[in-house]
Amino acid sequence: MNVSSRWARLQLLARPRTPEALPQRLDRRRIYVLPTRFGLFVATLLAAMLLGALNYNNNPALLLALLLAAAAVASAIAAHLQLSGVQVDAIAAEPVAAGQPLRLRIDLSVRDPRARHGLHLQLGDRQAWTDLPAQGRGEVELDVPTQRRGWLDLPRVRLSSTQPLGLVRAWSWLWPEQPLLVYPHAEAQGPALPERGSDPLHTRAHASGEELHQLRPYRAGDPPRSIAWKHSARRDSLLVREYEKPVGIEVMLDWRALAPMAGEARIARLARWVDLAEREGRRYTLLLPGQPALGPGQGASHHHLCLRALALLPHD
């Protein structure tokens, strides 16, 4: 058994032993303290000073060694107090495509009048630092690697501090039970959007269109900038310019239409089409097996709904 496997087994003995709901407040039962390398060096030096002072019956040296040892013990207590009382309020992250790092936001707060300094959060090889003011709040961001679509269960996050002297490290584990969503990875290259009908575009009247469609009589509520003043002067009545705007027809994204492809390839193709339809401003409907039709719709909420449905499809 290698070192990393042994360390993983030892972590199972630390609190919390299972994922937990937030918010959670750190107390003395889940905070651990051990000396750092620098702390071990200082302890060795103090032991040598103490033995030398006792051997030569040097009272000033003995007093100095005891004072330094007392300072080291006080720093260990202070490091423990850096974490005691810190509360983890919430975690959040915007979904990303599989393979991209997920930006995890962790909200921390303290309710007592003691500020916290040098708080260190670590998840794998990703790490971040923050300070918390007295009776204040703070937010820490960590990049979480993603590999596959669907729900991502967070591993343990270590919150630690070596303040104030760096002689000891106090740490505690955070293990939120809230899973995070990872979108499917979209196909890098693929065909254009499937069109329903022969004409890919049609137009409709729109105030912010591009081409002049017609002149019509003024109606209450029309903006003054749309009034055609020259034409109105010839007819003794107000005329309003009405433009036309090209509008893409609704796109049907059907799972069954991609029957020859494998399941994950279909998901990647549909994810690409959903992103493409959203970028082009097209209204689209997503049809998936065993689910009601999603759409027609457009916009951020519909985009998220479709990608979420694709992300949560069963894996091959």
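Is Val 168 buried or exposed? I began my notebook with this residue, keeping in mind that the model I am looking at is a predicted one.

**Entry on Val 168**

I looked up the relative accessible area of Val 168 and found 11%, so I noted the residue as buried, given that buried means under 20%. I then located Val 168 in strand E11, which covers residues 168-174. Next I asked which residues are in contact with Val 168 once its neighbours within four places in sequence are left aside. I wrote down Val 33, Leu 34, Pro 35 and Thr 36, then Ser 75, Ala 76 and Ala 79, and finally Ser 161 and Thr 162. I also checked Leu 34 against Val 168, and although 134 residues separate the two in sequence, their C-alpha atoms are 5.5 Å apart in space.

**Entry on Phe 38**

I turned to Phe 38, which has its place in helix H2, residues 37-55.

**Entry on strand E5**

I looked up the partners of strand E5, residues 102-109, and found that E5 runs antiparallel to strand E3, residues 87-92, with five bridges joining them. Within E5, Arg 105 stands opposite Ala 92. I then followed E5 to strand E8, residues 137-144, where the pairing is again antiparallel and extends over eight bridges. Here I marked Arg 103 as standing opposite Asp 143 in E8.

**Entry on helix H5**

How many of the 17 residues of H5 are buried? I counted 12, which is why I describe H5 as largely enclosed by the rest of the structure. Among the buried residues of H5 I listed Arg 266, Ile 267, Leu 270, Trp 273, Val 274 and Leu 276. I then looked for what the buried residues of H5 pack against, and found strand E16 (251-254), strand E17 (284-287) and helix H6 (300-311). For the span of H5, residues 263-279, I noted 25 Å from the first C-alpha to the last, close to the 24 Å expected at 1.5 Å a residue.

Terms used
Residues are numbered from 1 along each chain as its sequence is written. This is a predicted model: local features need pLDDT of at least 70, side-chain atom pairs count only at pLDDT 80 or more; totals for chains, interfaces and linings use all residues. Side-chain values use heavy atoms; hydrogens and water are left out. Helices (H or I, at least four residues) and strands (E, at least two) are DSSP runs, numbered from the N terminus. Two strands pair if DSSP finds at least two bridges between them. The expected span of a helix is 1.5 Å times one less than its number of residues. Buried means under 20% relative accessible area, exposed over 50%, partly exposed in between (1.4 Å probe, protein chains only). Contact means heavy atoms within 4.5 Å.
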